[in-house]
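Please open the structure in a viewer and keep the selection tool at hand.

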Amino acid sequence: MSVDDVPAGPGPGSGGGPGPDSVLVIDDDPGIRQLLISALGFAGFTVTAVGDLTEALAQVAHRPPDVIVLDVMLPGADGFEVLQLLRAAGFTVPVLFLTARDAVEDRVRGLRLGGDDYVTKPFSVVEVGARLQALLRRARGGPPAAEESTLRCADLEIDDLRHEVRRGGDLVDLSPTEYRLLRHLMTHQGQVLSRSQILEAVWQYDFGGDSVVVERFVSNLRRKIDHGRTPLLHTVRGVGYTLRQRAAR
């Protein structure tokens, strides 16, 4: 099955409609699938679990979930390929990766490709449930007030009504999480935000001191909005990050 077999995707939160939020678990380990079915079902989710790429894409085509739990290691493919196929088909459904505890490169790659969060194995099912709820809250954030719909910093513009970002008039393609990060920086222009402040505001909980997620998303954002242009996104060494027209002297 390829991306051509998957219909154009709806936005986040559109798979379940009224009723419990739906979770699609994609993991080849039957024990983990059953654990998540039981635990997330008890937490109030409607859970479907599959074990490989073909099953995963067939399930998404049949009934798009509200959120996905995706294992990195899958038979015949991997979680990265699943994510790339879904994003290419237009699915912006939040994706939570399951990764090995020492596989930092997996976490970085998953976030770079458009994943929204990760947990490491062995994991707490309570933590997985909490992170899924946080992902859904972020994905379903209420519409902004009309007067706050457009934010600007120099020639960078973010339009909430159209969900578009432009730099110098050119459209910038951002993932949902990159968009939320940029919007948070835009609403705090000139302020230096620490990694922990960014984690709490954008991801809505503490990563326990693991800052790789912030560093990776800031790096992605800088590459997309600053490449070949006057830098707007600055690192304040030992403190955090800030968005402003020029670095402080």
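The stops below go from the whole chain to single residues.

**Before starting**

This is a predicted model, in which local features need pLDDT of at least 70 and side-chain atom pairs count only at pLDDT 80 or more, while totals for chains, interfaces and linings use all residues. Residues are numbered from 1 along each chain as its sequence is written, and side-chain values use heavy atoms, with hydrogens and water left out.

**The whole chain**

Select the protein chain, which holds eight helices and 13 strands. Helices (H or I, at least four residues) and strands (E, at least two) are DSSP runs, numbered from the N terminus. Of the 249 residues, 46% are buried; buried means under 20% relative accessible area, exposed over 50%, and partly exposed in between, with a 1.4 Å probe and protein chains only. Among contacts (heavy atoms within 4.5 Å) between residues at least 6 apart in sequence, 62% join residues at least 24 apart.

**The nonpolar cores**

Select I26, L70, L182 and L243 next. These residues have the most contacts inside the largest nonpolar core, which has 53 residues. A nonpolar core is a set of buried Ala, Val, Leu, Ile, Met, Phe, Trp, Tyr and Cys residues joined through side-chain atoms within 4.5 Å. Helix α8 gives the largest share of this core, seven residues. Now centre the view on L70: with neighbours within four places in sequence left aside, L70 is in contact with I26, G79, V82, L83, V95, L96, F97 and L98. Another core, of 17 residues, lies apart from the largest one and includes I32, L96, V128 and L135.

**Helices α7 and α8**

Select residues 195-203 for α7 and 212-225 for α8; the axes of these helices come within 10 Å and cross at roughly 80 degrees. Axes are lines fitted to C-alpha atoms, for helices over the stretch in contact, and angles run from 0 to 180 degrees between N-to-C directions. Helix α7 is therefore roughly perpendicular to α8, a term for angles of 65 to 115 degrees. Show the side chains of R195, I198, L199 and W203 on α7, and of V213, V214, E215 and F217 on α8, which make the contact.

**Helix α4**

Select residues 104-112, where D106, R107, V108, G110 and L111 are buried. Which elements cover the buried residues of α4? The cover includes α3 (79-88), β6 (95-100), β7 (117-121) and α8. After α4 comes G114, with a positive phi near 115 degrees.

**A cis peptide bond and a positive phi**

Most residues other than glycine have a negative phi, and most peptide bonds are trans. Select K121 and P122: the peptide bond from K121 to P122 is cis, with omega near -5 degrees. P122 is placed in the loop between β7 and α5. Move on to A154, in the loop between β8 (150-153) and β9 (156-159). A154 is not a glycine, although its phi is positive, about 55 degrees. With a relative accessible area of 44%, A154 is partly exposed.

**Last stop: Q133**

Select Q133 in helix α5 (residues 125-139). What does Q133 touch, not counting residues up to four places away in sequence? Q133 touches A43 and F45. Although Q133 and F45 are 88 residues apart along the chain, their C-alpha atoms are separated by 9.7 Å. Q133 is partly exposed, with a relative accessible area of 36%.

Key: Angles under 35 degrees count as roughly parallel, over 145 as roughly antiparallel, 65 to 115 as roughly perpendicular and the rest as oblique.
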